[in-house]
Amino acid sequence: MQATKAAIQKITGINIATPKGFHASGLHCGVKHKKLDLGLLYSVTPANAAGVYTTNQVQAAPLKVTQNSISQEGKLQAVIVNSGNANACTGKKGLIDAQSMQLQTAEKLDIPSHYVGVASTGVIGEHLPMDKISAGIEKLVLDSELKGSIDFAQAILTTDTVSKNTAYTLKINDKTITIAGTAKGSGMIHPNMATMLGFITTDAAINQSDLHAALSYAVERTFNCITVDGDTSTNDMVLMLANGMGENEELNKNHPEWELFLEALVLVCEDLGKLIAKDGEGASKLIEVNVLGANTEKEARIIAKTVVGSPLVKTAVFGCDANWGRIIAAAGYSGVKFNPDAVKILIGENEVVVGGEPVHFSEEKIRNYLKSHEIHITVILSEGNGSGRAWGCDLTYDYVQINASYRT
């Protein structure tokens, strides 16, 4: 998929409320001690909606409510989100609470209840403080696009150190279309998806079933290619809303600019995925693993995810140790068959393995490279034309400290 890069432009500023017809808001309602913890995303008109959810068989109540809502008409007009409490493993009361959040938001906005999606993130196994959330919903005001986007992006965070936003524009049928996204995620990050929430808005007009196909395609190549610590959460969800206010001819798989739209959507998801990996709990470095020459794109991604998810690779990067043996070992246990005698490995631009054997390299040069904040590892096979990437972070002392005291 190679579209003309000039046809897609990255923009800065408002972000999640940048596409026409979208508004957002966030405030502190008291689930967390001080920080913003309740957010609202709203479209002035019902939007075609698609969602991709955690693969964990234990799924939190908000996911069930949101999936049920989308299944009714394939549309959402609002999403209510709280942080600080996951409303997961909370039984019948948890489901009732998620439904109450949905109903109260719908009544506030005067829209059908199944047009409201619900999301929660935070500590598992504790009931929501519904008195605080209910009061917070009543206080939510759809603010200016910039302030609303900033507040919403901050209200969904847990252990994140920064908010995560991105937006792109492109031309569809000579109409300017915007795709914007915001996400949270810092720990319990592992394919597929993570302890993450992602929200994507676009003013493009797009067929609902093809919207779901596009989101699934993008998630598989981005959010499903990030890892921090090997855990997959109960609340992971990426939602995409397309309200059609860009007034393009409806996009579908047969539209001549379908590939361009897909590429822009992948860029949005990739930006957010990399920001999550970079902000991994306690992380000091973003690691990108690029695999070339695999039999298929899928096999390349499997190897890349295995390498970047290896605790030994992560700790080697943290310690600035050019231990390429950990890289080739991880590739070897990925489950993908390849000829190890034809492997080439590079750390940055430095070859460390050629033809499956070590080559002379400067330890000092690579050690200095590994002190950088972004580390690139390349694994080149000789099996075919498949390529794939994955992103993660180093494993530090701070990760242990953060997660050892998460509930306290």
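Predicted model: local features only at pLDDT ≥ 70, side-chain atom pairs only at ≥ 80, totals over all residues.

Residues are numbered from 1 along each chain as its sequence is written, and side-chain values use heavy atoms, with hydrogens and water left out.

Two packed helices are described by the angle between their axes and the distance between the axes. Helices here are DSSP runs (H or I, at least four residues), numbered from the N terminus. Axes are lines fitted to C-alpha atoms over the stretch in contact, with angles from 0 to 180 degrees between N-to-C directions.

The axes of helix α2 (residues 91–109) and helix α3 (residues 130–139) cross at roughly 20 degrees and come within 10 Å. That makes α2 roughly parallel to α3, the term for angles under 35 degrees. Their crossing is right-handed, meaning that the near helix is turned clockwise from the far one by less than a right angle. In α2, D97, S100, M101, Q104, T105 and K108 meet M130, I133, S134, I137, E138 and K139 of α3, where contact means heavy atoms within 4.5 Å. By class, this contact has 4 nonpolar, 4 polar and 4 charged residues; Ala, Val, Leu, Ile, Met, Phe, Trp, Tyr, Cys and Pro count as nonpolar, Asp, Glu, Lys and Arg as charged, and the others, Gly among them, as polar.

For helix α5 (residues 208–221) and helix α6 (residues 258–278), the axes come within 9 Å and cross at roughly 50 degrees. The α5 residues D210, A214, L215, Y217 and A218 meet W258, F261, L262, L265, V266 and C269 in α6. The contact has 10 nonpolar, no polar and 1 charged residues.

The structure also holds 1 cavity of 30 Å³ or more, a cavity being a set of points on a 1 Å grid where a 1.4 Å probe fits but cannot get out. About 60 Å³ of space lies in the largest cavity. Its lining, residues with an atom within 4 Å of a point, includes I347, L370 and I377. α8 (311–318) and α9 (324–332) each give two or more residues to this lining, and α8 gives the most, with 3 residues.

Technical notes
1 Å grid on protein atoms, 1.4 Å probe; cavity = no way out; pocket = protein on both sides within 12 Å on 5 of 7 lines; lining within 4 Å. Points joined across faces, edges and corners; volume = space filled by probe spheres on them. Parallel < 35°, antiparallel > 145°, perpendicular 65-115°, else oblique.
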